[in-house]
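Hello,

Here is the structure I promised to pass on to you. My notes on its pockets, its domains and a couple of residues follow below.

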Amino acid sequence: MAFAPGKVILFGEHAVVYGRPAIAVPVTQVGARVTVERGVGGILVQAKDLGLSHTMGELPVDEALEPVVSLVESALEYLGVRLPPPLVITITSTIAMARGLGSGAAVSTALVRGLGEHFGRELSPEEVSALVYEAEKFHHGTPSGIDNTVISYGHPIYFVRGEPPQTFKVGKPFLLAIGDSGVKSPTKVVVEEVRRRWEKEPSRYEPLFDQIGQVVERAKEEMEGGNLEGLGSLMDENQALLRDLGVSSPQLDDLVKVAREAGALGAKLSGAGRGGSVIALIEERTREAVTTALERGGVQGVITTEVSS
Ligand code: PMV
């Protein structure tokens with residue numbers, strides 16, 4: 001049995017697709033589990049939550065299972081397993097889909113680890129991440145690679161596309177409230193929209209990406225230094241820039257405002273935007289007020305997670 005956590009992007013989403021840095025952290029309160037057992041004939045892949053199953057080699061493949069089936073093939077090839085014994089691969093996940101919590105990357109990561117363990121191979125985070133990145137292309141089109149990286153490494157990371165990720169010390173652990181807006185927002189759609197706008201008007205979007213990149217650099221310093229007030233204001237700055245980028249929504253703006261008014265030190269959308277999740281920097285003393293405010297504001301659920309190195 002293998003597990004992989006969810007994740008949230010703290011700073012830098014979208015700009016990270018264009019080479020600017022971003023910071024993401026794992027969220028261990030939710031995750032994907034994959035069991036790999038010996039079966040009786042062929043390779044059976046079961047996605048319990050979706051009520052779907054598929055025997056490899058048969059056609060057609062359900063669209064939702066396509067990335068999984070293709071990843072099983074590439075992972076087995078990578079592991080050098082030419083004639084796999086009959087297998088039953090069972091996938092379950094507690095991560096809501098298309099909410100910016102990395103559901104696809106978590107399932108893929110648990111799957112690769114589960115197959116590795118079954119065939120007696122302990123894969124490094126780099127190896128897992130590289131295999132998962134290929135599967136991410138199904139979900140995202142042109143993924144930056146941040147989701148597969150943070151989930152495979154399981155630590156807060158500072159990430160620049162195409163470079164090895166950096167882990168760093170979080171000076172003072174802090175709490176995040178993650179609220180699910182209840183609106184599914186496929187990353188691919190929002191990323192493509194930003195790309196179209198950037199192609200039309202690069203002189204408007206490049207400076208926005210630069211400003212987001214600068215917020216990320218300062219956020220890393222504040223996280224290292226344990227300055228939570230400073231970190232909170234940077235979340236607000238990042239949210240304002242995401243709004244200028246056109247990826248927020250009236251609902252997300254409202255949830256961010258509600259969290260701030262209830263005492264959060266800062267708040268922003270996380271991930272692709274339009275729907276998905278909002279995150280708020282909270283303290284023990286504001287935890288209940290912010291959670292209640294987000295719930296009254298209409299979120300479908302709040303997860304609290306501690307960020308530490
Ligand atoms: O929606 P998520 O959490 O998968 O995040 C998407 C983050 C983007 O920066 C918008 C895209 C990417 O590939 O990094």
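Let me begin with the second largest pocket: its lining divides into 6 nonpolar, 6 polar and 3 charged residues. In this sorting Ala, Val, Leu, Ile, Met, Phe, Trp, Tyr, Cys and Pro are nonpolar, Asp, Glu, Lys and Arg are charged, and the others, Gly among them, are polar.

Before going on, please keep in mind that this is a predicted model, where local features need pLDDT of at least 70 and side-chain atom pairs count only at pLDDT 80 or more, while totals for chains, interfaces and linings use all residues. Residues are numbered from 1 along each chain as its sequence is written, and side-chain values use heavy atoms, with hydrogens and water left out.

**Pockets**

The second largest pocket holds about 230 Å³ of space. Of the 15 residues lining it, Asn-148, Thr-149, Phe-159, Gly-162 and Glu-163 are the closest to its centre. Helix 3 gives the most to this lining, with 4 residues, and helix 3 and helix 4 each supply at least two.

For the largest pocket, the space is about 1100 Å³. Its lining has 47 residues, and Met-97, Ala-98, Ser-103, Gly-104 and His-139 lie nearest the centre. The elements giving two or more residues to it include helix 1 (66-78), strand 5 (87-93), helix 2 (103-118), helix 3 (125-140), helix 4 (146-153) and helix 5 (187-200). Helix 2 gives the most, with 5 residues. By class, the lining of the largest pocket has 22 nonpolar, 16 polar and 9 charged residues.

On the terms: with a 1 Å grid over the protein atoms alone, a pocket is an open set of points with protein on both sides within 12 Å along at least five of seven lines, a cavity is a set where a 1.4 Å probe fits but cannot get out, and lining residues have an atom within 4 Å of a point. Points are joined across faces, edges and corners, and a volume is the space filled by probe spheres set on them. Helices (H or I, at least four residues) and strands (E, at least two) are DSSP runs, numbered from the N terminus.

**Domains and cavity**

The protein chain is divided into domain 1 (2-166) and domain 2 (169-307), with bounds from an automatic or database domain assignment. Their contact (heavy atoms within 4.5 Å) takes 34 residues from domain 1 and 49 residues from domain 2. Both domains give residues to the lining of the largest pocket, so this pocket lies between them.

A search of the whole structure finds 1 cavity of 30 Å³ or more. The largest cavity has a volume of about 40 Å³, and it lies between the domains too, because both give residues to its lining. Among the lining residues are Ala-98, Arg-99, Ser-185, Gly-271 and Ala-272.

**Two residues**

His-14 is found in the loop between strand 1 (2-11) and strand 2 (22-38). His-14 counts as buried (under 20% relative accessible area; exposed is over 50%, partly exposed in between, with a 1.4 Å probe and protein chains only), because its relative accessibility is 5%. A polar atom of the His-14 side chain lies 2.7 Å from the backbone oxygen of Ala-272.

Asp-244 is found in helix 7 (residues 228-245) and is partly exposed, at 42%. Leaving aside neighbours within four places in sequence, Asp-244 is in contact with Arg-204 and Leu-208.

Best wishes

Notes: Polar contact = N/O pair within 3.5 Å; in protein donor to acceptor, adjacent residues only side chain to side chain.
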